[in-house]
Amino acid sequence: MKHSQRFALNEFLSEYPRELSFDNVIDLLREEDELVAVWSWFERLPTHELIENIDNTFLHFEAVVEGMQKGLGQLEEVEDVASDL
């Protein structure tokens, strides 16, 4: 499981089988399996909204990391140009 997926699950779920894949945990959540427990703050959300929020969190995490990596790459390019001066 990717770090971004684990982060998203941990934001909304207090318990889930850590050895399962992201998709398998989402399937358990969809089936309302007792192996998955939602943080009390989110218990009243309909399951489809909870899954949507988890997916959005996962995608946002990846976008932020990608943006940071691109930013660091641009910073390295600027440092290379400055060292050539």
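Trainee: Why is Phe7 called partly exposed?

Mentor: This is a predicted model, and in it the relative accessible area of Phe7 is 35%. Partly exposed covers the range between the 20% below which a residue is buried and the 50% above which it is exposed, so Phe7 is partly exposed.

Trainee: What makes Phe61 partly exposed?

Mentor: The relative accessibility of Phe61 is 25%. Buried would require a value under 20%, so Phe61 counts as partly exposed.

Trainee: How many aromatic pairs does the structure hold?

Mentor: There are three aromatic pairs. In one of them, the ring centres of Phe7 and Phe61 lie 4.9 Å apart, and a pair requires centres within 6.5 Å.

Trainee: Why is the pair of Phe7 and Phe61 called tilted?

Mentor: The planes of Phe7 and Phe61 stand at 40°. Stacked needs under 30 degrees and edge-to-face over 60, so this pair is tilted. The pair links distant parts of the chain, with Phe7 in helix α1 (residues 3-12) and Phe61 in helix α3 (residues 47-84), 54 residues apart.

Trainee: What makes Phe12 and Phe42 a tilted aromatic pair?

Mentor: The centres of Phe12 and Phe42 are 4.6 Å apart, with 50° between the planes.

Trainee: Which parts does the pair of Phe12 and Phe42 tie together?

Mentor: Phe12 belongs to helix α1, while Phe42 is in the loop between β2 (37-38) and α3, so the pair joins parts that are 30 residues apart in sequence.

Trainee: Why is Phe12 called buried?

Mentor: Its relative accessible area is 8%; buried means under 20%, so Phe12 is buried.

Trainee: How do you know that the charged end of Arg18 sits over the ring of Tyr16?

Mentor: The charged end of Arg18 is 4.0 Å from the centre of the Tyr16 ring and is assigned as sitting over that ring. The distance limit is 6 Å.

Trainee: What lines the largest pocket?

Mentor: The lining includes Leu29, Glu32, Asp33, Phe42 and Thr47. The pocket holds about 180 Å³ of space.

Trainee: Which residues touch the most other members of the largest nonpolar core?

Mentor: Of its 17 residues, these are Leu9, Leu13, Leu29, Leu50 and Ile54. The elements giving two or more residues to this core are α1, α2 (22-30) and α3; α2 gives the most, with five.

Definitions and conventions
Residues are numbered from 1 along each chain as its sequence is written. This is a predicted model: local features need pLDDT of at least 70, side-chain atom pairs count only at pLDDT 80 or more; totals for chains, interfaces and linings use all residues. Side-chain values use heavy atoms; hydrogens and water are left out. Rings of Phe, Tyr and Trp (its six-membered ring) pair if their centres lie within 6.5 Å; planes under 30 degrees apart count as stacked, over 60 as edge-to-face and the rest as tilted. Helices (H or I, at least four residues) and strands (E, at least two) are DSSP runs, numbered from the N terminus. Buried means under 20% relative accessible area, exposed over 50%, partly exposed in between (1.4 Å probe, protein chains only). A charge sits over a ring if NZ of Lys or CZ of Arg is within 6 Å of the ring centre and within 35 degrees of the ring normal. On a 1 Å grid over the protein atoms alone, a cavity is a set of points where a 1.4 Å probe fits but cannot get out, and a pocket is an open set with protein on both sides within 12 Å along at least five of seven lines; lining residues have an atom within 4 Å of a point. Grid points are joined across faces, edges and corners, and a volume is the space filled by probe spheres set on the points. A nonpolar core is a set of buried Ala, Val, Leu, Ile, Met, Phe, Trp, Tyr and Cys residues joined through side-chain atoms within 4.5 Å.
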